Amino acid sequence: MKSSRYFILGAALSGMLALTGCDPVGTPVRDRQVGFDASTAAVVNGEPIYISDVELEAVAQGRIEAGESFGPDHTEYQTVLEQLIDQRLLAQEAVRRGLDRSPQAQRRLETARERLLGNFLMENLVSTEVTEAAIDKMYDEQVKLQQLDDEVRIRHILVETQEAAEEVLRKARGGADFTTLAFENSKDTRTRLDGGSFGWVAPNEMIDPFPSVIADTPVGEISEPFESEQGWHILKVEERRTRPPKTKDEMRPEIVTYLTFTEISKILRQLRADASIQQRDGGPPDLSYLEEPDPTELLDEPDASSEDPAPSESAEDEPIQ
């Protein structure tokens, strides 16, 4: 994806530091007692730093991915915590010296508050709009673009229930021969006698959800059970003639970024349409950065050096009719 198409609503998602030197009754922070609980990482002069603060800072620094498990046992945890302690000490000292009370400081603090509120809105949009269903839908669309010229040789086993499919999958991954399992279990009379073989097929010409399942299954691997209008399947991808598409896990960060940008652009366009905005000596606003990107930008250009040459055609490569 072309990163120039995206703007950032803040450099960090960490919460604002408390910049108060005394509590409401005037007790200096260093004399205030704060108890530890399961959520507290440290207490600096009476002010707590929470484990969630450490996690957010680790995400902001790119040390972990959002949603990744992070706690005291993580190798990066102590480093980030020490940085937050230093940051809290510096903030407390700035307040002690009255540096937070100047008009310039107040404007900068308000700007930081606005930036964080924008980040909170972005987090909310991600949690409510960038759902697994939306990610799956976008992935299916991308798979069809990636597999326009793809051909794969696959085998499948069709059974009536999810439980039956999971049992066959357990045997296959336990070392049982896939072709034998297909002959003994598959309800597909067209392919059962040939060990479940479809021969060479174009994924996009198959019924859903075969295209996305094929894309998400590496060569030599067996898919998780999935349902179609025919019943429950597992499939094995034996060969590919073209560069394999990205799996959903590989494409997920790009899809999340694309969907987030789309939602932020949508709400900003509406907010600007409803707002009264006056700019000094400014012409018409340039809102080109809010244009939704082309979904095909999610696709990487094929790396010719990594592609395997297509195998030669032979009679045995013909699909089973």
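Is the crossing of helices α5 and α6 right-handed or left-handed? The crossing of α5 and α6 is right-handed, meaning that the near helix is turned clockwise from the far one by less than a right angle. This is a predicted model, in which local features need pLDDT of at least 70, side-chain atom pairs count only at pLDDT 80 or more, and totals for chains, interfaces and linings use all residues. Residues are numbered from 1 along each chain as its sequence is written, and side-chain values use heavy atoms, without hydrogens and water.

**Helix pair**
- Helix α5 covers residues 162–173 and helix α6 residues 178–185 (DSSP runs of H or I, at least four residues; strands are E, at least two).
- Their axes lie 10 Å apart at an angle of about 155 degrees (lines fitted to C-alpha atoms over the stretch in contact; angles run from 0 to 180 degrees between N-to-C directions).
- α5 and α6 are therefore roughly antiparallel (over 145 degrees).
- Val168, Lys171 and Ala172 of α5 meet Phe178, Leu181 and Asn185 of α6 (heavy atoms within 4.5 Å).

**Four-stranded sheet**
- The open sheet has the order β4-β3-β6-β5 with antiparallel pairing (at least two DSSP bridges between two strands).
- β4 (197–201) and β5 (226–228) are the edge strands.
- Eight bridges join β3 (residues 152–159) to β6 (residues 231–240), and Val152 has Arg240 as its bridge partner in β6.
- α5 packs on this sheet, touching β3 and β6; α6 also touches β3 and β6.

**Hairpin**
- β1 and β2 form a hairpin with two residues between them.
- Asn45 in the turn has a positive phi of about 50 degrees.
- Ala42 has Ile49 as its bridge partner in β2.

Notes: Parallel < 35°, antiparallel > 145°, perpendicular 65-115°, else oblique.
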